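Dear colleague,

Please find below the structure that I am handing over to you. A summary of the findings follows it.

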Amino acid sequence: MSRNPRRLADPIRLIESVEREVVEAVDSLMEQGRYHRHRNRAEFVRLAIERELARCQSDDYRSP
């Protein structure tokens, strides 16, 4: 999966609603500036989706 959002081969726009507390937590983390590789909320979400997909693919509980 791509690690650079500006070089996506076939991007598709995804719009998702989340609770206000989640957005505030993301904003707080980004303001700290220490433990992230993203520049904005969209990049945070993109990386989180990629991590979750990788985790699910390596999960022992996958269906055959």
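The model is a predicted one. Arg41 and Asp27 form a salt bridge, in which the closest N and O atoms are 2.8 Å apart. Arg41 belongs to helix H2 (residues 41-58) and Asp27 to helix H1, so this pair ties together parts that are 14 residues apart in sequence. Both partners count as partly exposed: Arg41 has a relative accessibility of 45%, and Asp27 one of 22%.

A search of the whole structure gives four salt bridges. Among them are two that share Arg46. The side chain of Arg46 meets that of Glu43 at 2.7 Å, N to O, and Arg46 also pairs with Glu50, with the closest N and O atoms 2.9 Å apart. Glu43 lies three residues from Arg46 in helix H2, about one turn of the helix; Glu50 lies four residues from Arg46 in H2, again about one turn. Glu43 is buried, at 10% relative accessible area, and Arg46 is buried at 14%. Glu50 is buried as well.

As to helix H1, its 13 residues should span 18 Å at 1.5 Å a residue, and the end C-alpha atoms are 19 Å apart, which agrees. Just after H1, Gly33 adopts a positive phi of about 70°.

Finally, Leu14, Val45, Ile49 and Leu53 make a nonpolar surface patch of about 350 Å². Leu14 is located in the segment before helix H1 (20-32) and is exposed, with a relative accessible area of 61%.

With kind regards

Conventions
Residues numbered from 1 in each chain as written. Predicted model: local features only at pLDDT ≥ 70, side-chain atom pairs only at ≥ 80, totals over all residues. Heavy atoms only, no water. Patch = residues over 30% accessible without salt bridge, like charges linked within 9 Å, V, L, I, M, F, W, Y side chains within 5 Å. Areas by Shrake-Rupley, 256 points an atom, 1.4 Å probe, with all protein chains shown as cover. Helix = DSSP H or I, 4+ residues; strand = E, 2+ residues; numbered from the N terminus. Buried < 20%, exposed > 50% of the residue type's maximum accessible area, 1.4 Å probe, protein only. Expected span 1.5 Å × (residues − 1).
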